[in-house]
Amino acid sequence: MWLGWLAVGLLAIGGWCLLADGLPQDIAYDVIGLASVGAIVAGIRIHRPERAAMWWWFAAGNFVWVLGDLTYEFYEHVLHQEPYPSLADAFYLSAYPMMVVGLLMLVRQRRTGAGLVDASIVATSLGLMLWIFVIQPIAADSDASTLERLIGVAYPAGDTMMLFLLAGLATNGRKGSPSSHLLGLATLLLLASDVTFAVLSLYSDQQPSVLDAGFLISYVCWAAAALHPSMRGSVAGEEPDVRMTRRRLVLLAITAVLAPGLLFVPSVGAEQLARWAVGACGIVLFLLVVGRMSGFVATVQRQSGQLADLAMRDDLTGLANRRRFEQAVREALAGGRPTVLLLDLNGFKEINDDLGHAVGDRLLAVLAGRLRNAVHPDSVVARMGGDEFAVLLPDARPGDLPVVVDRLAGTLHEAIRVGEHDLLASASIGSADGAGLDDPVEMLRRADVAMYAAKHEGAWHRAYEPGLDERAGAEARLGAELRAALDAEQFRLVFQPIVTLPEGRLAAVETLVRWEHPERGLVGPDDFVPVAERNGLIVELGAWILRTACLRAAGWRREHGPAAPPKISVNVSARQLAQPGFPDTVREALATSGLPASALAIEVTETAVFTGGRAVEALHQIRAQGVQVALDDFGTGHSSLGLLQSVPVDILKVDKSFIDNVTKAGRHAVIASSLIDIGNGLGLATVAEGVETAEQAAELHRLGYRLAQGYHFGRPVLDPMAPSRDAALTFAAVQ
Ligand code: C2E
Ligand code: CA
Ligand code: CA
């Protein structure tokens with residue numbers, strides 16, 4: 001609509017230009033003026049702007065202006081009197097305050113100091129020009145009457161006011177709406193026409209009618225601004241941007257230099273009063289520029305301060321970051337007797353992988369807040385990266401540490417609700433004190449070693465002691481050795497029978513790995529699988545175990561037919577299972593060996609699957625291939641029964657701890673009895689693990705167990721098919 005108006009308006013102005021000088025042209029002029037006022041009112045009615053008052057002021061100003069036009073023409077055409085000075089000027093001049101009020105309302109909101117200074121610079125400089133070239137000559141015109149001079153000065157004075165406001169609008173650093181642009185244009189046109197008019201009437205007698213076109217276009221633009229839909233909202237939607245852009249700098253430089261430049265104009269340089277004016281304005285401008293620059297410098301300094309602060313802060317949690325923490329440790333070491341605690345979350349990677357980074361981030365943020373609240377305000381809490389946090393107790397007394405550890409453990413133990421998930425965090429804490437130390441890096445290293453020791457032992461907390469260094473070094477060496485051992489083919493697989501009760505018939509074998517160390521001899525998995533798990537080698541090692549086990553099993557089937565173990569099971573660690581390609585590894589192992597999927601089971605522990613997500617998804621995929629899933633060490637985790645609802649399982653392996661005392665009355669016997677009921681109830685194959693005596697076997701059978709594994713039936717052996725003198729291979733029948 002506003003565009004239509006603009007087009008019609010400009011066309012009308014074109015038509016107006018073609019009309020001959022005289023009454024018809026003047027009437028057309030008034031019609032356009034009145035139509036514009038009407039359009040502004042219409043705009044207010046249609047768009048219902050937030051700042052209706054401002055627009056009403058503009059409408060009133062324009063209307064009074066048109067009244068001035070009418071009066072002017074009345075003097076000219078009806079009274080045939082010189083219209084200047086006359087009542088028309090009264091109308092014109094009284095329109096100024098209305099416009100100024102309107103513009104003030106437009107400019108006033110959310111001005112910044114810097115924007116105000118910029119506006120002052122521009123307005124001072126331009127105002128000075130106006131004064132030198134327009135106001136002063138008019139005031140000095142000795143031919144004119146006092147009234148004429150007064151009125152003559154009043155116009156440019158009003159223009160100066162509007163100019164100031166326009167400069168304010170242009171420099172307030174806001175991306176204005178189209179409506180405010182049109183407003184600015186209208187004001188600018190008005191000012192330009194006004195000033196040209198004044199200058200022309202001062203220096204020549206001609207007043208070309210083109211000038212009137214300027215006023216007309218100004219009317220039309222004003223109305224277009226009111227018709228544009230963007231007039232509705234506030235112009236101040238966004239933060240004002242008063243940065244020192246290059247454009248702004250050039251604008252300010254030019255305007256600031258204009259004033260002193262005037263001195264080079266001969267007529268100005270010659271006149272005392274003008275020189276004074278230029279001098280005074282020059283000083284004002286200089287001060288304004290200095291003010292602006294110092295504001296600018298202050299901003300830069302403040303921002304660089306904020307940057308420095310940011311560089312010391314962890315984005316996600318708002319805690320101190322590693323840099324800041326090391327600094328704090330350094331200061332604390334110089335002052336008191338600090339203690340450092342390093343916390344590493346357990347299972348965070350799985351949460352991140354399975355539930356997504358957003359959940360992981362949320363968890364970290366919540367934990368950060370809890371840690372912060374759990375310690376004394378003097379303590380520094382930092383996020384060291386990933387899922388590792390640190391706490392500095394700047395001056396710890398001997399009894400403080402256990403208290404703090406307890407508190408931290410306590411806060412971590414409460415479940416954290418993130419979206420629909422209830423997450424349980426646990427952490428391993430390592431601590432080190434600063435006794436005899438001055439290097440923060442060494443102190444953190446010690447806490448780190450202690451933390452790894454805690455993780456290793458599955459303990460909550462471990463304090464640093466020199467012996468740990470050796471162990472940590474040993475683990476690092478062992479990790480490297482494992483890598484080499486895999487390449488040198490030092491790993492062996494042994495197989496332990498799983499038999500039926502009561503017959504003792506071979507039902508399956510479990511694959512267990514051994515390391516044939518060139519010096520140390522046969523090393524058990526408990527001594528190296530956890531290390532391989534931590535350094536990631538388990539993925540490669542596990543794939544090798546799976547492949548080799550399938551090849552062996554397929555070989556037995558070919559050679560021994562029905563005498564071969566009907567099934568083989570392979571242990572899979574948490575990290576392996578969480579590896580995205582794991583289901584494919586299983587598929588390939590079956591394909592290359594030719595072993596039927598139904599002859600393979602994988603054994604997973606509760607901890608590997610209890611975070612849900614990817615690990616459980618992998619189990620579904622593996623089962624879809626026809627491979628069975630066994631839940632290992634069943635009953636030792638903290639949500640064994642709950643898992644049976646969410647995790648796809650075919651086989652339960654009841655942990656040895658429940659079997660050990662099955663022949664004595666007591667808790668364990670009761671649990672062993674309940675577990676077989678659960679297994680049977682759910683239709684799962686249930687294996688009793690670690691059966692060492694015939695009595696245990698008999699009791700288990702009585703309780704309902706039909707599958708068992710243990711030294712009583714056979715130890716793990718290299719070749720379960722070899723006719724051997726090895727006692728372990730003659731499977732003892734029960735009864
Ligand atoms: P697990 O899966 O619970 O394996 C059973 C462990 O109990 C084996 O120890 C086995 O030798 C032992 N065992 C069997 N019967 C008896 C018994 O009657 N009495 C006693 N005292 N022990 C018995 P091993 O071979 O030392 O393995 C220990 C653990 O290492 C395994 O526990 C398993 O968690 C892990 N592991 C073994 N092989 C592998 C493997 O190939 N991959 C992975 N990821 N982990 C493995
Ligand atoms: Ca197992
Ligand atoms: Ca087990």
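**Calcium site and aromatic contacts**

Along the chain, the donors of the calcium ion (ligand 2) follow the spacing E-x60-N-x31-E-x28-D. They are Glu-510 (OE), Asn-571 (OD1), Glu-603 (OE) and Asp-632 (OD), at 2.1 to 2.3 Å; donors are N, O and S atoms within 2.8 Å of the metal (3.2 Å for Na, K and Ca), with water not among the atoms, so sites may look incomplete. The model is predicted, and its local features need pLDDT of at least 70, with side-chain atom pairs counted only at pLDDT 80 or more. Residues are numbered from 1 along each chain, and ligands from 1 in the order in which they are written.

Asp-632 also bridges this ion and the calcium ion (ligand 3), the two lying 4.0 Å apart. Because Asn-571 lies in strand E11 (residues 568–571) and Asp-632 in strand E13 (residues 628–634), the pair ties together parts 61 residues apart in sequence; strands are DSSP runs of at least two residues, helices of at least four, numbered from the N terminus. Asp-632 is buried, at 7% relative accessible area, whereas Asn-571 is partly exposed at 27% (buried is under 20%, exposed over 50%, partly exposed in between, with a 1.4 Å probe and protein chains only).

The whole structure holds 10 aromatic pairs. One of them, Phe-491 with Trp-515, is tilted, at 5.9 Å centre to centre and 35 degrees between the planes. Rings of Phe, Tyr and Trp (its six-membered ring) pair if their centres lie within 6.5 Å; planes under 30 degrees apart are stacked, over 60 edge-to-face, and the rest tilted. Trp-515 is buried, with a relative accessible area of 1%.

Technical notes: Side-chain values use heavy atoms; hydrogens and water are left out.
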